[in-house]
Amino acid sequence: MDTIVPEALLRRLDVPGPRYTSYPTADRFGDAFGPAEYRQALRQRAEGSTVGGTPPLSLYIHIPFCESVCYYCACNKIITKHHERSAEYLDALEAEIALHVAELGKGQSVSQLHFGGGSPTFLTDEEIGRLMARLRDSFKIVAGAEISIEVDPRTATPERLQSLAGMGFNRISFGIQDFDADVQVAVHRVQSFESVRDLVVAARANGFESINADLIYGLPKQTPESFTRTIQQIAELRPDRIALYAYAHLPDRFKPQRRILAEELPKGESRIKMLGGAIAGFIAAGYTYIGMDHFALPGDALSAARRQGRLHRNFQGYSTQPDCDLIALGVSSIGRMGATYSQNAKTLPEYYESIGKGEFPIVRGLTLTRDDLLRRAVIMAIMCQGRVEYESIELAHLIKFPEYFAAEIEDLKPFADGGLLEINADSIQITALGWYYVRGVAAVFDKHLRASGNRERFSRII
């Protein structure tokens, strides 16, 4: 059963920490990893395919363009109303796909495909169709694959959703953030409840298997009372999944946030009330708390994976897909191949220059050490299953868990005293209450964070 977390505890746990969509986290990537190292990782996968087969791939395609800026946004995006700019970008994406096919061979299986951004629906239906055709020609998208797309409700219509469904998309995510009119004006993202409701109805009518809604708390002019109304409206729409993010105000790093007035941001006490109210509201509406900032209806595949211990985590967040290699296409995209992580160039000129030379646009990355792989296994077990079995880690990595992680286990004792976890002779178990602080528990095993002690570059856990 889901637990309502006390506001006093939320207040105590409100510290910065990584989101652990990867370990090590992206701030550990370096420029010593480049195109040559990435090509080697691809070749190792290709060799594995010919020897004994490899699990299906996951694909991520980043579309950076948006017609207008949302002031809270921290994504890599390009604001433009010039839709003709997408033509050059599509050419580059197709060239990048061809580079991968040259190394991996044609027809690698794909079980997960996600279009993110930016606003993927900046592209026309014809352009999305062209890209999907190239992907299907280059890879083998297996039966039952999750094919998802992020949609800006302001630029979508029911007719567009019908077209997307016809191209094979079966999952859709709407960026809503908040329905309050004053908040929408303050963040420069105005969209009515009625327009979003019509899109949700259209998505269901067109057979989308899962509908996600993104929300943000801590935005300017939000109050606990106004956000409660948004929570009630979301419950009325009844999306299959909900992602509830905390706004991180970092105007020095993200230029659009400089248009947000700091004095209009809700204070810590109000943020805590918003989060506590949202958790209570979603649980009362029948949602299951998945972990961190995710909720899902009991019948959704994510809830089933949570119940059955099959939850996984990748750069898009929680997933039902098993741990697999991720090819990331497009400017700034982050991928994973074997025991490596890599990131593409963050600007279009750099990205186009590399593609024009027939080279992978990788500008930084990381080859994981034995210790990294061990700690990744522990952190992902905590983040996804809420439990670490010592024996499974010991057998896979040839260590004695209590000895290797003696300092970490000692540091976990205050969490155990607080009722967030149980330390047993053969395992560490997160409690129902501890799920709300799972990032903080996982961070104890982060060697790089332990060494630096610098958490301030990360978003707040609460």
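Helix H7 passes helix H8 in a right-handed crossing, meaning the near helix is turned clockwise from the far one by less than a right angle, with anticlockwise counting as left-handed. This is a predicted model, where local features need pLDDT of at least 70, side-chain atom pairs count only at pLDDT 80 or more, and totals for chains, interfaces and linings use all residues. Residues are numbered from 1 along each chain as its sequence is written, and side-chain values use heavy atoms, with hydrogens and water left out.

H7 covers residues 193–205 and H8 residues 224–237; they pack at about 25°, axes 10 Å apart. Helices here are DSSP runs of H or I, at least four residues, numbered from the N terminus. Axes are lines fitted to C-alpha atoms over the stretch in contact, and angles run from 0 to 180 degrees between N-to-C directions. H7 and H8 are therefore roughly parallel, as angles under 35 degrees count as such, over 145 as roughly antiparallel, 65 to 115 as roughly perpendicular and the rest as oblique. On the H7 side the contact (heavy atoms within 4.5 Å) includes Phe193 and Val196, and on the H8 side Gln233 and Leu237.

Next, H3, residues 85–104, and H11, residues 348–356. Their axes come within 10 Å and cross at roughly 45°, so the two are oblique to each other. This crossing is left-handed. Among the contact residues are Tyr89 and Leu93 of H3, and Tyr351 and Ile355 of H11.

Last, the domains, whose bounds come from an automatic or database assignment. Domain 1 is 1–22 + 369–452, and domain 2 is 23–327. Their C-alpha centres lie 26 Å apart.
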